[in-house]
Amino acid sequence: MTGILDGKVALVTGAGGGIGKAIVVAMARAGASVVINDIGVSLSGEGGSASPAEEVKAEIEGFGGKAVISTDSVSDWDAARRMVALAGDRFGRLDIVVNNAGILRDAMFHKMTPEQWLAVVGVHLNGSFFVSRAAAELFREQESGSFVHMVSTSGLIGNLGQANYSAAKMALVGLSKSIALDMARYNVRSNCIAPFAWGRMTGNIPAETPDQIARVENLKKMTPEKNAPLAVFLGSDAAKDVTGQIFSVRMNEIFLLSQSRPVRSVHTGGDWTPETIRDRAMPALASSFFALDRSQDVFTWDPC
Ligand SMILES: NC(=O)c1ccc[n+]([C@@H]2O[C@H](COP(=O)([O-])OP(=O)(O)OC[C@H]3O[C@@H](n4cnc5c(N)ncnc54)[C@H](O)[C@@H]3O)[C@@H](O)[C@H]2O)c1
């Protein structure tokens with residue numbers, strides 16, 4: 001049986017559980033040799049264990065796949081270089097990097113501590129830069145490669161109490177576009193996926209009334225595995241013309257998300273003053289203002 005990723009080598013960060021595990025298993029099933037990176041921490045980034053990655057490795061080897069474990073943290077430059085080197089040492093090349101590792105340290109902005117900020121930015125943004133930058137050297141030599149960055153509608157749209165996470169994910173969107181632009185000359189592609197999955201990052205939705213219980217039962221069908229086929233496709237040669245895009249997956253829906261473009265403009269023959277901006281520019285622009293939306297205000301229908 002041939003797979004869409006036959007002969008390819010993939011590195012998936014945070015692949016010991018959740019969405020990362022679903023992606024690394026799907027990539028191995030599609031024929032890729034894989035590096036399972038995970039430090040096995042709690043949702044807030046505490047603790048650390050190699051056993052989640054070991055379980056994933058056993059599962060992949062169980063169906064005849066090839067896998068190696070990296071227990072290095074993405075949030076360290078040298079460690080990120082080691083995990084990329086591991087792919088080269090063990091499998092001779094690297095074709096796909098999925099920046100998926102993540103933690104949450106939620107707090108309302110006015111109460112957020114520097115530690116909460118730095119921890120989240122360190123994993124999501126710095127980690128994605130470190131791993132991508134290390135892989136970029138191999139991709140450049142090979143003149144091929146695919147980056148997939150897991151982002152979030154918490155940043156793209158908005159969410160309460162996640163300033164650190166939203167900022168890091170939006171910065172990652174900018175990083176992805178920059179990589180796509182800078183490395184197009186080497187046939188390197190870079191895309192984002194904003195996933196939705198029932199898991200430890202989402203498992204605190206109240207389920208008390210019969211309606212809420214039914215809703216949560218439906219949401220539980222939104223498994224991490226639903227996000228994997230798009231990531232596998234983006235890593236494959238079939239996606240050779242797909243770069244610089246932001247996708248979202250929600251159960252059985254796949255979305256192409258918009259990117260910032262001017263929506264409306266006003267012009268003056270002379271110079272603007274604060275007063276003419278007040279009297280003419282803002283009233284004209286205001287009808288196109290965006291509401292202070294959160295993700296659930298935009299995705300108003302339940303997934304099915
Ligand atoms: N679950 C969702 O609905 C959802 C929604 C939007 C975005 N995301 C994003 O998708 C990705 C995966 O989310 P998930 O729900 O599967 O989360 P998860 O908590 O189940 O998995 C994250 C994994 O990352 C690992 N990790 C944390 N810090 C690490 C580090 N420094 N180095 C290496 N590994 C590290 C953890 O050990 C864990 O196994 C994250 O980037 C998350 O922000 C998830």
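**Exercise 1.** Determine over which ring the charged end of Arg250 sits, and at what distance from its centre.

*Solution.* Step 1: apply the criterion, by which a charge sits over a ring if NZ of Lys or CZ of Arg is within 6 Å of the ring centre and within 35 degrees of the ring normal. Step 2: the charged end of Arg250 is placed over the ring of Phe196, 5.9 Å from its centre. Step 3: Arg250 also lies over the face of Trp301, where the distance to the ring centre is 4.9 Å. Step 4: Phe196 and Trp301 belong to a cluster linked by ring pairs, together with Phe255 and Phe299.

The model is predicted: local features need pLDDT of at least 70, side-chain atom pairs count only at pLDDT 80 or more, and totals for chains, interfaces and linings use all residues. Residues are numbered from 1 along each chain as its sequence is written, and side-chain values use heavy atoms, with hydrogens and water left out.

**Exercise 2.** State how many aromatic pairs a search of the whole structure finds, and classify the pair of Trp77 and Phe129.

*Solution.* Step 1: a pair of aromatic rings is described by the distance of the centres and the angle of the planes. Step 2: rings of Phe, Tyr and Trp (its six-membered ring) pair if their centres lie within 6.5 Å; planes under 30 degrees apart count as stacked, over 60 as edge-to-face and the rest as tilted. Step 4: Trp77 and Phe129 are 6.3 Å apart centre to centre with 15° between the planes, a stacked pair. Step 5: this pair links distant parts of the chain, 52 residues apart, with Trp77 in helix α3 (residues 77-91) and Phe129 in helix α4 (residues 114-142). Helices (H or I, at least four residues) and strands (E, at least two) are DSSP runs, numbered from the N terminus.

**Exercise 3.** Decide whether Phe139 is buried or exposed.

*Solution.* Step 1: buried means under 20% relative accessible area, exposed over 50%, and partly exposed in between (1.4 Å probe, protein chains only). Step 2: Phe139 has 0% relative accessibility, so Phe139 is buried.

**Exercise 4.** Describe how strands β7 and β8 are joined.

*Solution.* Step 1: two strands pair if DSSP finds at least two bridges between them. Step 2: four bridges join β7 (residues 246-250) to β8, and the strands run antiparallel. Step 3: Val249 has Ile254 in β8 as its bridge partner. Step 4: the two strands form a hairpin with two residues between them, and Met251 in the turn has a positive phi of about 55°.
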